[in-house]
Amino acid sequence: PFSLQVQPPDPASIRVLRGHQLPVTCLVISPDDRFIFSASKDGSVIKCKGDGDAFLAGEVESGKRLCVVPGGKKGTEERHMGHASHVLCMAISSDGKYLATGDRNKLIMIWDTTTCKRLHIFTGHRDAVSGLSFRKGTHQLYSASHDRCVKVWNVAENAYVETLFGHQDGIMGLDSLSRECCVTAGGRDGTVRLWKIPEESQLVFCGHQGSIDCIQLINEEHMASGSDDGSVALWGLTKKKPLALAQQAHGMQDAQGLQQPYWISAVAALRNSDLLATGSHNTSVKLWKCGDGFRKLEPLCDIPL
């Protein structure tokens, strides 16, 4: 298993990249590891050099800003290049050609990753766009929104495809892999859903007590989600209840004299491995091993931030 090879990074080797004026909300690394795209509540999108590029060029200067698309004032999206509200999510196509960004003002923007030029704006969501994912190997884009809908788009043809309904609350996160389906975290409706696009069907999963805020597929059969009740859940796509649930995954905090779990704000998987990472606001990222055929969640180490 991959988790056996995991070494916590040397804190001295952790690099800090700056450039946004307000909190960073999302980032993606290009499939070839050469570029990092990040976005912020200030509406800006930044492209900088990743380590892959430094490695290829034999140079150390990664983190160098290659392109900054500043945020604009409200209502200037047509005249102005970029977003005029908080950017909440982003996705990059598996061929590295397109970048998609979603904002609080219901817009999805499509960018050429090479030139950082905006190619198109998709409109149609009725509330903040909270999740984006390209289907692997295609230019099909899935989007999720606080309007409770999932939408499907064809980016190469600038086309809207369809809308999927079912969640009872704003969707907080979305992910997809190669199959023509996506998974979503349904916030306060307490469900994770698997949407089968061709069949026009959905599977509903229940297991967290609080709002389900983040989700990621580990492989085509398993996924992980995190909640503001402090728990991380591991799911098999054929079972309605979690295969494993780690309560108080990031420990407890003292909030107004009450003991509350640190909520889970981010979850990430090393695709097709047994390695999982979770984030909260307790100053560390936690690594987990999915043990016993994805029926156990075992803490591996903390990466201090």
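Tutor: Let's begin with R271, which is partly exposed because its relative accessibility is 32%. On this scale, buried means under 20% relative accessible area, exposed means over 50%, and partly exposed lies in between, using a 1.4 Å probe and protein chains only. Before we go on, note that this is a predicted model, where local features need pLDDT of at least 70 and side-chain atom pairs count only at pLDDT 80 or more, while totals for chains, interfaces and linings use all residues. Residues are numbered from 1 along each chain as its sequence is written, and side-chain values use heavy atoms, with hydrogens and water left out.

Now for the partner of R271. D175 forms a salt bridge with R271, with 2.9 Å between their closest N and O atoms. D175 sits in strand β13 (residues 173–176) and R271 in the loop between β23 (266–269) and β24 (275–279), so this pair ties together parts 96 residues apart in sequence. A salt bridge here is a side-chain nitrogen of Lys or Arg within 4 Å of a carboxyl oxygen of Asp or Glu. Strands are DSSP runs of E with at least two residues, helices are runs of H or I with at least four, and both are numbered from the N terminus.

D274 and K289 meet through their side chains in a salt bridge (3.7 Å, N to O). D274 lies in that loop and K289 in strand β25 (residues 284–291), 15 residues apart, which links distant parts of the chain. Both of these residues are buried.

For a contrasting pair, look at D228 and R188, a salt bridge whose closest N and O atoms are 2.6 Å apart. Here two loops are linked across 40 residues: D228 is between β18 (222–227) and β19 (232–236), and R188 is between β14 (181–185) and β15 (191–196). D228 is partly exposed at 24% relative accessibility, whereas R188 is exposed at 57%. By this rule, the count comes to 6 salt bridges.

Let's step back to the domains. An automatic or database domain assignment sets the bounds, and the chain is divided into domain 1 (18–165) and domain 2 (178–304). Their centres, taken over C-alpha atoms, are separated by 23 Å. Each domain gives 9 residues to the contact, where contact means heavy atoms within 4.5 Å.

How much area do the two domains bury between them? The value is about 820 Å², with 60% of it on carbon and sulfur atoms. On the domain 1 side, R135, Y142 and L164 lose the most area to domain 2, together 47% of what that side buries. Buried area is the accessible area (1.4 Å probe) that two parts lose on being put together, summed over both.

Across the interface of domain 1 and domain 2, the rule finds 1 salt bridge. On the side of domain 1 that touches domain 2, the elements giving two or more residues are β10 (140–145), β11 (150–154) and β12 (159–164).
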